[in-house]
Amino acid sequence: METSYRFSFRLFPISLPERCLKPSSPAPNFRKLIYRATCSSYNIPKFIPAPKTYSFSSTSIARAGWFLGLGEQKKLSLPTIVKAGDPVLHEPAREVDPKEIGSEKIQKIIDDMVLAMRKAPGVGLAAPQIGIPLRIIVLEDTKEYISYAPKEEIKAQDRRPFDLLVIINPKLKSKSNKTALFFEGCLSVDGFRAVVERYLDVEVTGLDRDGSPIKVDASGWQARILQHECDHLDGTLYVDKMVPRTFRAAENLTLPLAEGCPKLGAR
């Protein structure tokens, strides 16, 4: 889930660092010189072609053998965040075998998810968002992220910082029928927002990254993040649940809602 505010009500995603990968076919000498000169720098001059980036879509993972543990993960950089339209975001994810949680493969996926979430930056991420069709979510909201939001909105959203949570095979249920309407964003649909109605209080159970049972009782904004990320595991994006006529570009976030749209806040 994308953080909503930073610098004039917009938290712009920060590009993920990408390691230069050696081309598979021989290149002319002058291109090799450029490649060596720029491989260690992320500030590539405009007149030098950027190295090819590698997407972690479900199809590319199958080709690379990354998820199958064939050793390609050592050659690939931190995964990019998959964007809306990739089938992995629109199909249900598979449960993780509890016996596999302690494996190097699953632990590497979790580490990559946390790094990708923080680099984006965002407050939550589901495994399908890096092209991995497994039921794993990570979430974290910090004082720094919250400090960029207006105080009145922090109060209205009941937003409080919480430490990193890793939940495997999460199961979510609402604890009451109370709901609230607020704008949401998503790292897989970055640059846009829409109003979504969510439960105010939820309970999530599952396993932590050590395979131990975990239970999270959440309210307010943390409850919203949990619902957003669990939706990803069922192949659902926030735009599938948004209130009609509230979808907008992030720079228009402060414009009034169209006539007939419900008011923001608890219901």
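Predicted model: local features only at pLDDT ≥ 70, side-chain atom pairs only at ≥ 80, totals over all residues.
**Entry on helix α6**

I then asked myself how many residues of α6 are buried. The count came to 14 of the 14, so I wrote down that α6 is largely enclosed by the rest of the structure. Just after the helix I came to G235, which takes a positive phi of about 80 degrees.

**Entry on the sheet**

I followed the strands in turn and found that four of them form an open sheet in the order β8-β5-β4-β9, with antiparallel pairing. Which strands stand at the edges? They are β8 (248–249) and β9 (265–266), and each has a single partner strand, so one side of each is left without a neighbour in the sheet. I then looked at β4 (residues 179–184) and β5 (residues 192–199), which pair in the antiparallel sense over six bridges. To place one of these contacts I looked up T179, and its bridge partner in β5 is Y199.

**Entry on the aromatic pairs**

I searched for aromatic pairs and found that the structure holds two. One is formed by F182 and W221, whose rings lie 6.1 Å apart centre to centre with 70 degrees between the planes, an edge-to-face arrangement. This pair links distant parts of the chain, since F182 belongs to strand β4 and W221 to helix α6, 39 residues apart. I checked F182 as well, and with a relative accessible area of 9% it is buried.

The other pair is formed by F192 and F247, which I recorded as stacked, at 5.1 Å centre to centre and with 15 degrees between the planes. Here too distant parts of the chain are linked: F192 is in strand β5, while F247 is in the loop between α6 and β8, 55 residues apart. Are F192 and F247 buried, exposed or partly exposed? I found F192 partly exposed, with a relative accessible area of 34%, and F247 partly exposed as well, at 38% relative accessibility.

Conventions:
Residues numbered from 1 in each chain as written. Heavy atoms only, no water. Buried < 20%, exposed > 50% of the residue type's maximum accessible area, 1.4 Å probe, protein only. Helix = DSSP H or I, 4+ residues; strand = E, 2+ residues; numbered from the N terminus. Pairing = 2+ DSSP bridges. Phe/Tyr/Trp six-rings, centres within 6.5 Å; stacked < 30°, edge-to-face > 60°.
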